[in-house]
Amino acid sequence: MRRIKMSLSAFVIRLLHWEYWPTNLIYGPVGWYWLWLGVKARSFYFMNAANPGIHTGGFVMESKKDVYALLPERLYPRTLYVTKKEKFPAVLEQVAMEEISFPCIVKPDIGMQGLGVKKISNRQELASYHQHMPLPYLIQSYVDYPNEAGIFYHRIPNEKKGKISGVVLKEFVTITGNGIDTVGILVQQNQRYSLYLDPIVHELGAKIHWIPPKGETMQLLHYGNHARGSKFVDGTHLVNSALENLFDEICTQIPGFYFGRLDIKYNSWEELSAGKNFSIIELNGSGSSPTHIYDPGHSIVFAWKEIMKHWRLIYRIASYNHIHNKIPYLRFAEGVREVRASGRVKKILNAQNW
């Protein structure tokens, strides 16, 4: 009976808070607008032309390794590409050569929704990940800045200046011990975290049974992922001219990039605006969601308006590149093939229970 009540409670929470709804349920009601833009473009996969420097424009199946290669090297963590065929001792040698130390971050080269992303503390954990990860993956230096944000940037190709159209601040999954309850119980006592209990348990393993001392704060996940319980807060009001100038300078150095979200870790907002103490941990292209919409204070109507606004920007950029820079749109059969390939990757990662 207790289990049924908890399940019903979770259902009610999800029902009353749209940020927990499935992606298809959020995007479905405005899907007609994407179809309309596709009709105007005469291609339902026009989004590839928004970022001609990235495979499919960053819509699906882009290699993170290839995307990092477009960035100025000083702006992202040391990164090592690993394939399944490589023997683990050789992987360790490469890790040492790249001067990547533990802890480090590992993630699939082609990934989505945070699947397969883990913080690795030692060689044994890396060996286990290498054994069980069936796809090529990346090993990255761990960026120890305390804050994470997503900066949504766009620039019309014929314009010198771009704009930041959204900022999402990410609050990590964190609990404070009371000296009595285990981590698992403390997670269940938090309304948000309790909805993501399964992925949190999978991430923590035996640590879920540990009893933190009273007053001790413990960060359970070391990356901001909404699908694993992190809270997303709209920080768009924090945008200033210094920040826009900084990201203009960065993004105009990225070949063939005009639209997307840069996920960054940083020390403080003031230092970030001054271009100090930050690192780009991910660059997402035309498949990026304007994740500031998931702020609990926003309505679903606000979310729909923001989604359509960013789709409209993709269309404007892609259309300009198509007409003036002769960038061909992805053919329908090619688009279907890429989407199906993405679905297979997701199925593989889900099968590993990442």
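Predicted model: local features only at pLDDT ≥ 70, side-chain atom pairs only at ≥ 80, totals over all residues.
**Close-up A: the side chains of strand β1 alternate between two faces.** Residues are numbered from 1 along each chain as its sequence is written, and side-chain values use heavy atoms, with hydrogens and water left out. Strands (E, at least two residues) and helices (H or I, at least four) are DSSP runs, numbered from the N terminus.

**Close-up B: four strands line up as an open sheet.** Read across the sheet, the order is β1-β4-β2-β3, with antiparallel pairing. Because β1 (79–82) and β3 (118–120) stand at the edges with a single partner strand each, one side of each is left without a neighbour in the sheet. On average, neighbouring strands of this sheet are turned by 25° against each other, direction ignored. Two strands pair if DSSP finds at least two bridges between them. β1 and β4 pair over four bridges, and along this pairing L80 stands opposite I139 in β4. Strand β2 (residues 104–108) and β3 pair over three bridges, with V106 opposite K118 in β3.

**Close-up C: helix α6 meets both a sheet and another helix.** α6 lies across β1, β2, β3 and β4 (137–141), and runs at about 140° to β3. What describes two packed helices? The angle between their axes and the distance between the axes. The axes of α5 (residues 88–97) and α6 (residues 123–132) come within 11 Å and cross at roughly 125°. Axes are lines fitted to C-alpha atoms, for helices over the stretch in contact, and angles run from 0 to 180 degrees between N-to-C directions. α5 and α6 are therefore oblique to each other; angles under 35 degrees count as roughly parallel, over 145 as roughly antiparallel, 65 to 115 as roughly perpendicular, and the rest as oblique. The crossing of α5 and α6 is right-handed. On the α5 side the contact is made by F88, V91, L92 and V95, and on the α6 side by R123, L126, A127 and H130. Contact means heavy atoms within 4.5 Å.

**Close-up D: strand β5 has strand partners β10 and β6.** β5 (residues 147–154) is largely enclosed by the rest of the structure, because seven of its eight residues are buried. β5 and β10 (residues 259–266) pair in the antiparallel sense over eight bridges, and the bridge partner of E148 in β10 is K265. Seven bridges join β5 to β6 (residues 163–171), again running antiparallel. I151 stands opposite V167 in β6.

**Close-up E: salt bridges link side chains in this structure.** How many salt bridges does the structure hold? There are ten, each a side-chain nitrogen of Lys or Arg within 4 Å of a carboxyl oxygen of Asp or Glu. In one of them, R192 and E19 meet at 2.9 Å, N to O. R192 lies in helix α8 (residues 191–194) and E19 in the loop between α1 (2–16) and α2 (23–27), so the pair ties together parts that are 173 residues apart in sequence. Both R192 and E19 are buried. E282 and K64 form another salt bridge, at 2.4 Å, N to O. E282 lies in strand β11 (residues 278–284) and K64 in helix α4 (residues 64–68), so this pair ties together parts that are 218 residues apart in sequence. E282 is buried at 13% relative accessible area, and K64 is buried at 14%.

**Close-up F: a salt bridge joins K309 and E306 within helix α12.** Their N to O distance is 4.0 Å. K309 and E306 are three residues apart in α12 (residues 300–324), separated by about one helical turn. Is K309 buried or partly exposed? K309 counts as partly exposed at 29% relative accessibility, while E306 is buried at 11%. Elsewhere, salt bridges that share partners join E148, K170, R261 and D263 into one network.

**Close-up G: S342 sits in helix α13.** The helix covers residues 332–351. S342 counts as buried, at 11% relative accessibility. Leaving aside neighbours within four places in sequence, S342 is in contact with V60, M61 and M112.

Technical notes:
Buried < 20%, exposed > 50% of the residue type's maximum accessible area, 1.4 Å probe, protein only. Left-handed = near helix turned anticlockwise from the far one by under 90°.
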